[in-house]
Amino acid sequence: MSRPLQLTLCLTHDCTLRCRYCYAGRKYKHAMNRKTAEQGIDIGLEEALRTQRGLDIGFFGGEPLMEWELLQHCCAYAERRAKECGVALRFGITTNGTLLTRERLNWMAERDFLVGLSVDGSAAMHDANRRYTNGCDSHAQGAKALQLINEQTNLRNRVVCVVSPNNHHLLSEGVQWLHEHYQGKIGLNFDFWSNWSDEQFESLCEQLGVGFE
């Protein structure tokens with residue numbers, strides 16, 4: 001069976017955080033309009049139908065939960081159009097968790113969402129990069145979002161932990177914290193956009209338990 005087609009909708013350029021390693025560009029208040037979102041969904045469905053594949057729609061940003069009503073509209077539109085086209089449809093979202101609530105998770109669980117939560121391990125590792133717009137730490141909110149996900153047993157989910165030059169030395173500690181607070185899949189995303197020195201890369205290899213040459 002062919003793998004589903006992947007469609008990502010970046011709902012907004014705005015975000016609640018200002019992560020130091022963010023590759024999505026400058027944050028500003030600009031959201032995708034509904035017509036553009038619908039056109040993107042139509043293109044994805046047409047290609048999925050043409051290639052006889054399913055369609056996975058992922059919501060991204062910025063922080064996509066800042067456009068909750070738009071996200072709900074996109075899902076309703078996609079569900080209706082996919083039913084008309086006869087295309088198998090699934091949803092996913094990547095979120096920093098700051099706007100996650102039990103009610104929103106329940107809504108996503110009903111639609112079989114895959115929720116990817118960005119939490120960079122322990123407080124020290126996480127807060128090295130992931131701070132609010134006012135400079136305050138965000139780990140406490142990330143931990144709260146992780147607990148909400150743990151409580152929602154009918155939800156597909158995973159954790160994304162970003163490893164960068166300025167937090168790599170805390171990787172073992174960070175993964176241990178995640179293991180203690182979460183039993184699902186943990187993905188390590190390495191910050192390839194930054195410059196790593198040989199010393200930092202060697203230190204990372206030590207954390208990973210692999211050789212450096």
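The backbone nitrogen of glycine 97 lies 3.0 Å from a polar atom of the threonine 95 side chain. The model described here is predicted: local features need pLDDT of at least 70, side-chain atom pairs count only at pLDDT 80 or more, and totals for chains, interfaces and linings use all residues. Residues are numbered from 1 along each chain as its sequence is written, and side-chain values use heavy atoms, with hydrogens and water left out.

Threonine 95 belongs to strand β3, residues 89–95. Helices (H or I, at least four residues) and strands (E, at least two) are DSSP runs numbered from the N terminus. The threonine 95 side chain also makes a polar contact with the side chain of glutamate 63, at 2.9 Å. A polar contact is a pair of N or O atoms within 3.5 Å; within protein, one must be able to donate a hydrogen and the other to accept it, and residues adjacent in sequence count only if both atoms are side-chain atoms. Threonine 95 is buried, because its relative accessible area is 2%. Buried means under 20%, exposed over 50%, and partly exposed in between, with a 1.4 Å probe and protein chains only. Setting aside residues up to four places away in sequence, threonine 95 touches Glu63, Leu65, Val115, Gly116, Leu117 and Ser118. Contact means heavy atoms within 4.5 Å.

The helix pairs come next. Helix α1 (residues 34–50) packs on helix α2 (residues 68–85) at an angle of about 30 degrees, with the axes 10 Å apart. The two helices are therefore roughly parallel. Axes are lines fitted to C-alpha atoms, for helices over the stretch in contact, and angles run from 0 to 180 degrees between N-to-C directions. Angles under 35 degrees count as roughly parallel, over 145 as roughly antiparallel, 65 to 115 as roughly perpendicular and the rest as oblique. The crossing of α1 past α2 is right-handed. A crossing is right-handed if the near helix is turned clockwise from the far one by less than a right angle, and left-handed if anticlockwise. On the α1 side, the residues are Arg34, Ala37, Glu38, Ile41, Asp42, Leu45 and Leu49. They meet Glu69, Leu70, His73, Cys74, Tyr77, Ala78, Arg81, Ala82 and Cys85 of α2. By class, this contact of α1 with α2 has 10 nonpolar, 1 polar and 5 charged residues. Ala, Val, Leu, Ile, Met, Phe, Trp, Tyr, Cys and Pro count as nonpolar, Asp, Glu, Lys and Arg as charged, and the others, Gly among them, as polar.

Helix α2 also meets α3. Their axes come within 12 Å and cross at roughly 15 degrees. This angle makes α2 roughly parallel to α3. Here the crossing is left-handed. Trp68, Leu71, Gln72 and Cys75 of α2 meet Arg104, Trp107 and Met108 of α3. The residues of this contact divide into 5 nonpolar, 1 polar and 1 charged.

Helix α3 spans residues 102–110, and its buried residues include Arg104, Leu105, Trp107, Met108 and Ala109. The buried residues of α3 pack against α2, β3, β4 (114–118) and α5.

Helices α5 and α6 form another pair. The axes of α5 and α6 (residues 171–181) come within 11 Å and cross at roughly 35 degrees. His139, Ala143, Leu146 and Asn150 of α5 make the contact with Trp177, Leu178 and His181 of α6. This contact has 4 nonpolar, 3 polar and no charged residues.

Asparagine 150 lies in α5, residues 139–151. Asparagine 150 is partly exposed, with a relative accessible area of 31%. The asparagine 150 side chain reaches the backbone oxygen of histidine 181 at 2.7 Å. Beyond its neighbours within four places in sequence, asparagine 150 is in contact with His181 and Tyr182. The C-alpha atoms of asparagine 150 and glycine 184 are 8.7 Å apart, although 34 residues separate the two along the chain.

Most residues other than glycine have a negative phi, and most peptide bonds are trans. Glutamine 52, not a glycine, has a positive phi of about 55 degrees. It sits in the loop between α1 and β2. Glutamine 52 is exposed, with a relative accessible area of 72%. Aspartate 112 follows α3 and has a positive phi near 55 degrees. Aspartate 112 lies in the loop between α3 and β4. It is partly exposed, at 35% relative accessible area. The peptide bond from glycine 61 to glycine 62 is cis, with omega near 20 degrees. Glycine 62 lies in the loop between β2 (55–60) and α2.
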